[in-house]
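Student: I'm new to this one and would like to know where its labels come from. Can we go through them together?
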Amino acid sequence: MGRRGQGLLIAVLALGWWAAVTLQSQSSVFSQVPLLDERYYLVTAAHPVAVDQPHFMSPLYPRLLDALGAGMAAEAVLLPPGGRGLLPWFQGLLWLFSALLLRVIADRLLPEADSRWRWLPTLLFLLYSPLLIYGQMALVEGALVFLTTLVIAVLAGARRAWPWILVLGLAVGLAGLLRGSLLMLALPVLFWIHGYEEGRARLGGALLFLVVVALLLWPSVRHNSLLAGHLTGPTANGGINLYLGNGPEASGLGAGFSVDWQDDPAGLAELSRRLGREVRDPLQADGLWRGLAWHAMKVDPGRTLGLWLRKWHLQWQGWEMDQIAPLAGWRQEVPLLRLGLLPWWLLVGLAAAGLGALGRRLFLPAGVLGLLMGVQAFFFVVSRYRMVLVPALCLLALGGTWSLARAGGASRSRAGIGLVLGLLLAWPWQLGEARVEWASLAGANHAQRWALLAEETGDPQAWRRAADLYERSLEAAPAQPGPWLGGAATLQALGEPAAARRLLEEGRRVLPEAEPLARSLFSLQLQTGQEAEAISTARFLLRAHPADPDILHNLTVLLAGRGRTEEALEMARHLVQAAPQAGQGYLDLGVLLAKDGRLAEAAEVFRQGLRAAPHDGRLEENLRRLEARR
């Protein structure tokens, strides 16, 4: 069978596998319940960004989703049938074209290798199942992988000519609209254009490339810049991502502090809390987060360099850092994905062998790989951000495998050394705790989707599935509040409030300072009549938020119910001070004074309350009753 026949066979088998995975995944909980970035893109596709709102994430991808018939209503939880439109099929074609382009690049980089060997990058690419998973989702990874592969393919062998420069400009510009850090692909392109012998041709080619990239970026840059009042980028999430990778809490693996990524991806609430003033504009928040990140980086440059090296190493790590898409959960829900047998550690090991044996010959994929890893190391590392590395890794793996298979020679020895070093880099030295924690968070993400599905459909089996997944997540790593909260909420939905309370009590023993756990436990303690325990929990919450009106009111009621009148009066007075324009504090204080026989004081408090909240009918009614008694 010739090359074309082999290619056709691989294409047919690959498309058949993609189609089967797509059909099997349509009924999975992952397809029905999008979360985080995926939900953002689907909602933005159906509700385009208004003229007075910035582009927070990719301005291009929602428009692509809309053109493919994908999208969901802002208030929806479940993606309706057909809500992904033609997206999975479009991204399947990008996946296949990327794989076939790798064969074209292999022909140009290693023409002396046997024709069958040159199919290896394609096969490795197709057998790495996370690419299929992200391709089923409304995420930018599939398009970014295709554009990166296209750039490598043109640079690997296309003749320097204006049409190819135009193609490169389109590829890099579109990649920049999908994820800003991919604009760094402009560097190898400009280096390639510099290969023109004539100086005028070099200058003209560079200008054409830069103009095409600028024209693609300009509408989004202009939109955000007009809103910001100064020149800014096409997206407003670079600042918080830089902080996540370099702030004082950074570990290299995403968030080190609590943010509601679903409803507040710009971190406005957390930023407002830190600065002590309200921040409501995502573009302003982007600049503030960036400033905080640069400050942390400049204050301790040694730590910044150490974090950068750690994140470079994390990209080589052999375990999957699930984010948004729990990869193990996907394989449970869509069994056909288990046919993707290639693990990351083997891919990077073979790529390291290729670097060792044929680093000079494979300078192009090696350079692109190093550039992308270096840029990404300024932010943070998760599996989906590593997808753009896969084409270069597959090409390097060809060089490594081919060198190892050949008998004798110095290149074989260098490949062996590279393989050993690559596998050592992929080994999770001293990262066992982080791996377990990420596996736990992935399980909680899986459980959350089942819980949302159950809430929308009322299916008790879905609730039970969510409860089981939360339980497994807590068994793996109980050091995050999310699984405790989700597990407790699920038990409540199953009609087991006492079990939910016990779960939260156990969670507080593990995480005694976790405020979200304390708040949820306080609510359950009130529901189940655990008054003494609720008083203790309320006092803990007030240490962090002494002016919280809800906690002050509930604590006032609890203390009064247990006959601790003076303490209750003190809390009621704190409530009046904390919320002087609301009627609740005056009502609590007046009622307590009246019950204590201090009727004149109570009447005066009710009058003060009516001056502050003149439309509060409860104050009027209590004052009328009090005056009738007098």
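Student: Among contacts between residues at least 6 apart in sequence, what percentage join residues at least 24 apart?

Tutor: It's 70% of those contacts in the chain. Keep in mind that this is a predicted model.

Student: Why is Thr 44 called buried?

Tutor: Buried means under 20% relative accessible area. Thr 44 has 9%, so the label buried applies. You'll find Thr 44 in helix α3, residues 36-46. Leaving out residues up to four places away in sequence, Thr 44 touches Val 49, Pro 62 and Arg 63.

Student: And why does Glu 437 count as partly exposed?

Tutor: Partly exposed lies between the 20% cut-off for buried and the 50% cut-off for exposed. Glu 437 has 26% relative accessibility, so it counts as partly exposed. Glu 437 sits in helix α21, residues 432-457. Its contacts, again without residues up to four places away in sequence, are Ala 477 and Gln 480.

Student: How far is Glu 437 from Gly 617, in sequence and in space?

Tutor: They're 180 residues apart in sequence and 51 Å apart in space, going C-alpha to C-alpha.

Student: What angle do helix α9 and helix α11 make, and how far apart are their axes?

Tutor: Helix α9 (residues 162-178) packs against helix α11 (residues 199-228) at about 30°, and the axes are 8 Å apart.

Student: Why is α9 called roughly parallel to α11?

Tutor: Angles under 35 degrees count as roughly parallel. The angle here is about 30°, so α9 is roughly parallel to α11. As for handedness, α9 passes α11 in a right-handed crossing.

Student: Which residues make that contact?

Tutor: On α9 they include Trp 162, Ile 165 and Leu 166. On α11 they include Phe 209, Val 212 and Ser 220.

Student: How many of the contact residues are nonpolar, polar and charged?

Tutor: The contact of α9 with α11 has 14 nonpolar residues, six polar and no charged.

Student: Where are the domains?

Tutor: The domain assignment gives domain 1 (237-299), domain 2 (434-528) and domain 3 (542-629). Taken over C-alpha atoms, the centres of domain 1 and domain 2 are 27 Å apart.

Terms used. Residues are numbered from 1 along each chain as its sequence is written. This is a predicted model: local features need pLDDT of at least 70, side-chain atom pairs count only at pLDDT 80 or more; totals for chains, interfaces and linings use all residues. Side-chain values use heavy atoms; hydrogens and water are left out. Domain bounds come from an automatic or database domain assignment. Axes are lines fitted to C-alpha atoms, for helices over the stretch in contact, and angles run from 0 to 180 degrees between N-to-C directions. Helices (H or I, at least four residues) and strands (E, at least two) are DSSP runs, numbered from the N terminus. Angles under 35 degrees count as roughly parallel, over 145 as roughly antiparallel, 65 to 115 as roughly perpendicular and the rest as oblique. A crossing is left-handed if the near helix is turned anticlockwise from the far one by less than a right angle, and right-handed if clockwise. Contact means heavy atoms within 4.5 Å. Ala, Val, Leu, Ile, Met, Phe, Trp, Tyr, Cys and Pro count as nonpolar, Asp, Glu, Lys and Arg as charged, and the others, Gly among them, as polar. Buried means under 20% relative accessible area, exposed over 50%, partly exposed in between (1.4 Å probe, protein chains only).
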